[in-house]
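This report describes one protein model for a reader who has not seen it before. Please look over the sequence and structure first.

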Amino acid sequence: MSLPQLIMLPGPSNVPARVYSAMCKPMINHRGAEFHEMFERMITNGKKVFQTEGDLIALTASGTGGVECAASNLLLPGEKILVPVCGTFGERLANNFRTFGANVIELKVEMGKAPTAEQVQEALRRDREIKAVAAIYNETSTGTTVRELPAIGAAAKASGALFVVDAISVLGGDDLPVDKWGIDVCITASQKCLATPPGVALVSVSKDAWKMIERGKPRSEYFNLLSYRKFWQDKKETPFTPAVSTFFALDEALQMILEYGLDAWIGRHKKAASAYYAAFKGMGLTFFADERSRSNVVVAINMPPKISAKDLRDKLRKKYGVVVAGGFGALKDSIFRVGNMGIVTPREVVTTISATEAALGELGFPGTTGEGLRAAMPALKGF
Ligand SMILES: Cc1ncc(COP(=O)(O)O)c(C=O)c1O
């Protein structure tokens, strides 16, 4: 029997049938009228999901391509950027800017916690030469979300710094009004809360960000934002051959999200998250993230003693067809992570909770089977 697996990962996420169907449309000329029409709709809808009046650039790349695009266009070599780091993706964000010559000042935050606006303000007060602040909104490796992101944005603005946000794992799954929160460059990727296969990164660019970009020569040919803007303005095209089929898919997914209603789409992630947190707590498990910073899109759960994350993941995948993630680096075996992204319905939630409960029971976890689901019921009722 080969039923499709339930992909409960922190990306890629499950893809709806209508998005897959859109992806299978016959190929078109990426320099022709059909492409122009589709691309224009995709960007217009993408801006609604980003809640921005700024520009939105679509890159044929995974999320890291979006980060690399920001890093290679925004700063001149030697310019200072402040990067709060509380996990693997924060480290990668810092490294990416370093690769392109920025003088990166890391603000280290304990894993499981999120940076606060006060910490950022303090760092900006200490060094008046900081030209930009770049933060991960949702640190996927630890399941933490920066709840003070708007205040961090305000602190960046107050000191005249550009505000860059890696929202790769969260845009569409939690509140993120890009313009209202003063975000100059916001990056996401197709394969997470936008319920699309991997392959497209989206990068929003504000007027202030364009001013920074226009100062210098971008250090990447492929990710040269000025040429993406020119091709968009002149022709509604991309400078290089785009992943046309993934564009079809993303175009469909964005229409689907807007038909559903952006607030309702985000709201579904929040409801499912409360069901997960109640369920795992009900099972007697604990969470890696500090309670105030818990993510609605990645639930990071501490492994109970004497059970390995690998065994749990294997059992879930092989017996129940549910695929969850382990931890990264030092957290590899000490946590497991459940992605709550994109298609989030009671089916995904109840199946994942029940399968986890059953698998843990089989691996010797002493909890009472059924307690997790029982604890999730109040949250599930409002779904
Ligand atoms: C916060 C964050 N940043 C960056 C990335 C890298 O994205 P990609 O694997 O699409 O390049 C991820 C992937 O999970 C992520 O969660």
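## Ligand shell

The shell around the ligand comprises 5 nonpolar, 6 polar and 1 charged residues (nonpolar: Ala, Val, Leu, Ile, Met, Phe, Trp, Tyr, Cys and Pro; charged: Asp, Glu, Lys and Arg; polar: the others, Gly among them). Among the residues surrounding the ligand are Pro10, Phe89, Thr140, Asp166 and Ala189; a residue is near a molecule if its C-beta atom, placed from the backbone, lies within 6 Å of it.

The model is predicted: local features need pLDDT of at least 70, side-chain atom pairs count only at pLDDT 80 or more, and totals for chains, interfaces and linings use all residues. Residues are numbered from 1 along each chain as its sequence is written.

## Domains

The protein chain is split into domain 1 (6–11 + 261–381) and domain 2 (17–260), with bounds from an automatic or database domain assignment. Their centres, taken over C-alpha atoms, are 28 Å apart.

In domain 1, 26 residues are in contact with 27 residues of domain 2 (contact: C-beta atoms, placed from the backbone, within 7 Å). On the side of domain 1 that touches domain 2, helix H10 (262–282) and strand S11 (298–302) are the elements that give two or more residues. Helices (H or I, at least four residues) and strands (E, at least two) are DSSP runs, numbered from the N terminus. H10 gives the most, with 5 residues. By class, this side of domain 1 has 14 nonpolar, 8 polar and 4 charged residues.

Definitions and conventions: Contact = placed C-beta atoms within 7 Å.
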